[in-house]
Amino acid sequence: MNHEEYSLLRWEGSVCTDIFYLARRDGDRDTAIGKWERKKSFREAARKLQIALRQLSVVGVEMFEQDPGKCRRIDERIIEVKVERSVVRALCYNRRGRDLLVVLEVFMGRQGSGNIQREIDSCRRLIPVVERLLGDCDLQERAKG
């Protein structure tokens, strides 16, 4: 995957933690959550996910992680954000110790089975793209400063 096919869009709802969405540059500048917002049957789930992300943004990733009902660390770079009383999940890029989140995928969890390995594998393929884009952002910030 080429990092030039993607861009990072900052979420306007973030308060303290920087939250971004990964979007394709091929004309479909939609994000994972944007696709959910357009589908009438998923609008409520998208709204609840945004509430969960806003809560995460206020308290920070490390504090949010302490509640296993809301968040679970998959590995050093991926966390799962859970929407309360719902099977809606978001897999996000996060480096341990950094209050920065990139929403990679939003999906309906398989209630009961807990097997989301396909979604995790899909997100792991996106990690080099995200890290390259974040590196480009860091270089641009340093150039401004």
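Contact means heavy atoms within 4.5 Å. Axes are lines fitted to C-alpha atoms, for helices over the stretch in contact, with angles from 0 to 180 degrees between N-to-C directions. Helices (H or I, at least four residues) and strands (E, at least two) are DSSP runs, numbered from the N terminus. The model is predicted: local features need pLDDT of at least 70, side-chain atom pairs count only at pLDDT 80 or more, and totals for chains, interfaces and linings use all residues. Residues are numbered from 1 along each chain as its sequence is written, and side-chain values use heavy atoms, without hydrogens and water.

**View A. Helix H2 on the sheet.** Helix H2 (residues 43-59) lies across strands S2 (18-24), S4 (78-82), S5 and S6. H2 runs at about 120° to S4.

**View B. The open sheet.** 6 strands run in the order S1-S2-S6-S5-S4-S3, with mixed pairing. Strands pair if DSSP finds at least two bridges between them. S1 (6-10) and S3 (71-73) are edge strands with a single partner strand each, so one side of each lacks a neighbour in the sheet. S5 (residues 88-93) and S6 (residues 100-108) pair antiparallel over 6 bridges. Arg89 stands opposite Phe107 in S6.

View C. A salt bridge puts a side-chain nitrogen of Lys or Arg within 4 Å of a carboxyl oxygen of Asp or Glu. Glu80 bridges Arg72 (2.7 Å, N to O) and Arg89 (3.2 Å, N to O). Shared partners join Arg72, Glu80 and Arg89 into one network. Glu80 is buried at 4% relative accessibility (buried: under 20% relative accessible area; exposed: over 50%; partly exposed: in between; 1.4 Å probe, protein chains only). Arg89 is buried at 17%; Arg72 is partly exposed at 35%.
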